[in-house]
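Welcome, and thank you for stopping by to look at this protein. Take a moment to turn the model around before reading on.

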Amino acid sequence: MTPRTVAVDRLGDAVHLSPLKLNEADPAHPNVFVRDSEFIPLQITVDLEREREGNLLFEKAGPRESIYFDAGQTRAAIVTCGGLCPGLNNVIRSLVLSLRCHYGVQRVLGIRYGYHGLNPAHGFPPMELDVDDVSDIHEIGGTIIGTSRGPEDPAVMLDYLRNLGVQMLFTIGGDGTQRGALKLHAEARKQGYPLAVVGVPKTVDNDIQYVTRTFGFGTAVDRARAMIDIAHTEARAVLNGVGLVRLMGRDSGFIAAGATLASGEVNYCLIPEQEFALEGERGLLAVLEKRLVRKRHAVIVVAEGAGQNILAQDEQEVDASGNLKFGDIGVFLKDRITAHFKALGQTINVRYIDPSYAIRGLAANTDDAVLCDMLARNAAHAAMAGRSGLIIGYVHNRMVHVPMEMATNGRKKVGLEGALWKGVLAVTGQPASWL
C-alpha cells in the first residue's frame, strides 16, 4: 500500500505574493517558505521485515510563498470557546502579532464570550485587538476576550461575520469547538463566502486526535505533580495516611498518567480508559489494605472520568456543550475508603486534594508558551494561504494541517498497551488489571 495524502480544503488559487521576507542569512536554507508538495507522515517507524503498510501524509504547515488573501484588504477574527486553559492569551497575542506585524492585516477582532459573541442577539460586540492591546496578556491566565460553552446557528454566525467584513476566523478550543467550526466552514462553502476557518487545538486533557500535545497540557501536568507531592507529604505524616488527588481528564487520562510519571510517588493511578473495582480480592480497597500494612501510607491519583461505572447515577445530565455530567469520583472514593477502614476498626486518614480550577486558570509555563506561539503563527500562515476547515496539528515535532473532520471524529486515549501506560504500571507497581 502506498502512503495517502490528507487533503485540506482550499478557498481558491493563491495569487498574491507573501509579504514575508526571504531569509538569505543561511545559504543552506535560503527560503523560509513551505512548498505545497511537502508532507509529514503519521507513522515514522519502518519495519523492514514487514510488508509496507499504508500511511497518512499530512500537509506540512508553514508560510507559503503565494497566498490567497490580500493582507492589506483582509479582516480577521479570533474566538476562544470552552473551559479555560493555560495559554489562551498566548495564542491570541501571537495571532495578533503574526497577522498585523508580519502580514500587515489591518484589523483583528476579538469575538466576545465564545460562539455566543457571533450571534448578535446576545449583544456582545467584538473587541478591536491591536498590538498594544495584547502586549503583555501572555503573562496572565484566562482569555481577555472571554469564553463560553454551547453552539450557535452556523448560518447566523456566518451572516454576522460577513457583516463584520471578516474573511478569516481562528477558533481556539477543543473538539466541541472545532466541530462547531467545521459546521461554520461548511455553511460558508455552501453559501459561497470565502471564509478561512482555522482551528488552534486547546485542551488540558490532550485528547485531540492527530495532535501529539495540545497547549495547556504541560502546564497542567506541572501543577498536578506539585499537588501529588503535597498529597504524598500529607500521607506520610500520619498513620495510615492516604493522599487522594483528583485531576482533570473526562475521557482520557493523560494528565493523571503524565503527573504520575513525573512525580514518582503515586501508588495507584486510575484513568477513564481502564475500569477498576472497589470490592473483591483484586479491588482497590483490598489492595490498599495490603499497602497500608506494609508502608502505612499511600497516594492515589484519579482522573475525573475514571470509575463512572461504579457511581450510582439515576439520571444522565449534560452541560451546554453536550458533554455528560460525571459524578464526582474523588469525593466518592474519599467516602468509601474512609468508611471501609472504619468498618474494619482501623485508623485511616484520607487527605483529599482537587486542584481542577487552580490548574485551568494558570498562565502557560515555558514549554506551553513556545507551543502556543508555534501553533498561532502556523494558524496565521494557513489562513493567509486560503486553507480552511482544518486545525494545526503537532506531529513528531512538526506542525501539520489536519482536517477538522478527522480531528473531531473521536478522542485520543491512553493506550493500555502503549509505552505511557506501561511506564505508569512500572512506576506505581499497581495491578495491571483490577477485574
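Below is a short walk from the whole protein down to one residue.

Keep in mind as you look that this is a predicted model. Let us begin with the overall outline. The C-alpha trace spans about 75 × 60 × 40 Å along its principal axes. A compact globule of 435 residues would have a radius of gyration near 22 Å, and the protein has 24 Å, so the two values agree.

What is this outline built from? The protein has 11 helices and 18 strands. Of the contacts with a separation of 6 or more, 76% are between residues 24 or more positions apart. Buried residues account for 54% of the 435 residues.

The accessible surface of the protein is about 19100 Å², and carbon and sulfur atoms contribute 49% of that. As for charge, there are 45 positive and 49 negative side chains, and the centres of these two sets are 3 Å apart.

With that picture in mind, zoom in on strand β5, which covers residues 56-60 and includes Glu59. Is Glu59 buried or exposed? Its relative accessible area is 3%, and buried means under 20%, so Glu59 is buried.

Who surrounds this residue? Beyond its neighbours within four places in sequence, Glu59 is in contact with Val8, Arg10, Glu38, Phe39, Arg64, Arg387, Val400 and His401.

Key: Residues are numbered from 1 along each chain as its sequence is written. This is a predicted model: local features need pLDDT of at least 70, side-chain atom pairs count only at pLDDT 80 or more; totals for chains, interfaces and linings use all residues. Side-chain values use heavy atoms; hydrogens and water are left out. Helices (H or I, at least four residues) and strands (E, at least two) are DSSP runs, numbered from the N terminus. Buried means under 20% relative accessible area, exposed over 50%, partly exposed in between (1.4 Å probe, protein chains only). Contact means heavy atoms within 4.5 Å. The radius of gyration is taken over C-alpha atoms; the globule rule is 2.2 Å times the number of residues to the power 0.38. Accessible areas come from the Shrake-Rupley method with a 1.4 Å probe; for residues, only the protein chains shown count as cover. Lys and Arg count as positive and Asp and Glu as negative; His and the chain ends are not counted. The place of a charge is taken as NZ of Lys, CZ of Arg, CG of Asp or CD of Glu.
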